[in-house]
Amino acid sequence: MKKIILLSAFVLCCCISCVKSGSVIPNVGVNFEASTNDPKVAGLNTPGGYAIINGYGVAGLILYRRGDGSYAAYDRCSTVDPAKLCAVTVDPGGFTVTDPCSGGKWALSNGDPVKAPAVTSLKPYSIDVSNFEIFVSN
């Protein structure tokens, strides 16, 4: 019985601490569409390329073309302290992004954190590229 009570207390403490420190990126509607010939997404024409799209999501979007030719889309809002609305910036080389407010870093290939204090992945969006059109949504 003591083990159950201790386990329950541990789980409760973990849940409370996650809620307290684990702010989340707000859900906002994203419906971005562009032609693959549009100059603002020209960076996606080559693997490893990226495009920054302002005016969508919480702090803008980062669209990224992986080395295998697939695509990824993330919100630029840092997950370290989302209430600050710090927009991550692409690092030289184009493989990682950095939060200018905290110094946290994420990989563009999958959005996972690669340098503390980042511990939560970037917020992903669905991206579809077909018939010379790019669609990003949630």
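Partly exposed denotes a relative accessible area between the limits of under 20% for buried and over 50% for exposed, and the views below are all taken from a predicted model.

**View 1. Glycine 43 in the loop between strands S1 and S2.** Glycine 43 sits in the loop that connects strand S1 (31–35) to S2, and because its relative accessible area is 29%, glycine 43 is classed as partly exposed. Leaving aside residues up to four places away in sequence, glycine 43 touches Gly49 and Tyr50. Leucine 63 lies 20 residues from glycine 43 along the chain, with 9.0 Å between the C-alpha atoms of the two.

**View 2. Strand S2 and its pairing with strand S3.** Strand S2 (residues 50–53) has Ala51 and Ile53 on a covered face, whereas Tyr50 and Ile52 make up the uncovered one. In a regular strand, side chains alternate between the two faces of the sheet. S2 and strand S3 (residues 61–65) run antiparallel and are joined by 4 bridges, and within this pairing isoleucine 52 has isoleucine 62 of S3 as its bridge partner.

View 3. The largest nonpolar core holds 13 residues, of which Phe32, Val41, Ile53, Leu61, Leu63 and Val136 touch the most other members. S1, S2, S3 and strand S10 (133–137) are the elements that give two or more residues to this core. Another core, of 11 residues, lies apart from it and includes Val88, Val90, Trp106 and Leu108. Not counting residues up to four places away in sequence, phenylalanine 32 touches Lys40, Val41, Ile53, Tyr56, Leu61, Leu63, Ile134, Phe135 and Val136.

**View 4. Arginine 76, a buried charged residue.** Arginine 76 is found in the loop between strand S4 (71–75) and strand S5 (89–90). Although buried, arginine 76 has no salt bridge, and the nearest side chain of opposite charge, that of aspartate 75, is 7.5 Å away. Beyond residues up to four places away in sequence, the contacts of arginine 76 include Ile52, Asn54, Gly60, Ile62, Cys86 and Val88.

**View 5. The salt bridges.** The count of salt bridges comes to 2. One of these joins the side chains of aspartate 38 and lysine 40 at 4.0 Å, N to O; aspartate 38 counts as partly exposed at 24% relative accessibility, and lysine 40 likewise counts as partly exposed, at 47%. A salt bridge also joins the side chains of aspartate 91 and lysine 105, at 2.9 Å, N to O. This pair links distant parts of the chain, with aspartate 91 in the loop between S5 and S6 and lysine 105 in strand S7 (residues 105–107), 14 residues apart. Aspartate 91 is buried because its relative accessible area is 13%, while lysine 105, at 24% relative accessibility, counts as partly exposed.

Technical notes
Residues numbered from 1 in each chain as written. Predicted model: local features only at pLDDT ≥ 70, side-chain atom pairs only at ≥ 80, totals over all residues. Heavy atoms only, no water. Buried < 20%, exposed > 50% of the residue type's maximum accessible area, 1.4 Å probe, protein only. Pairing = 2+ DSSP bridges. Contact = heavy atoms within 4.5 Å. Core = buried A, V, L, I, M, F, W, Y, C linked by side-chain atoms within 4.5 Å. Lys, Arg positive; Asp, Glu negative; His and termini not counted.
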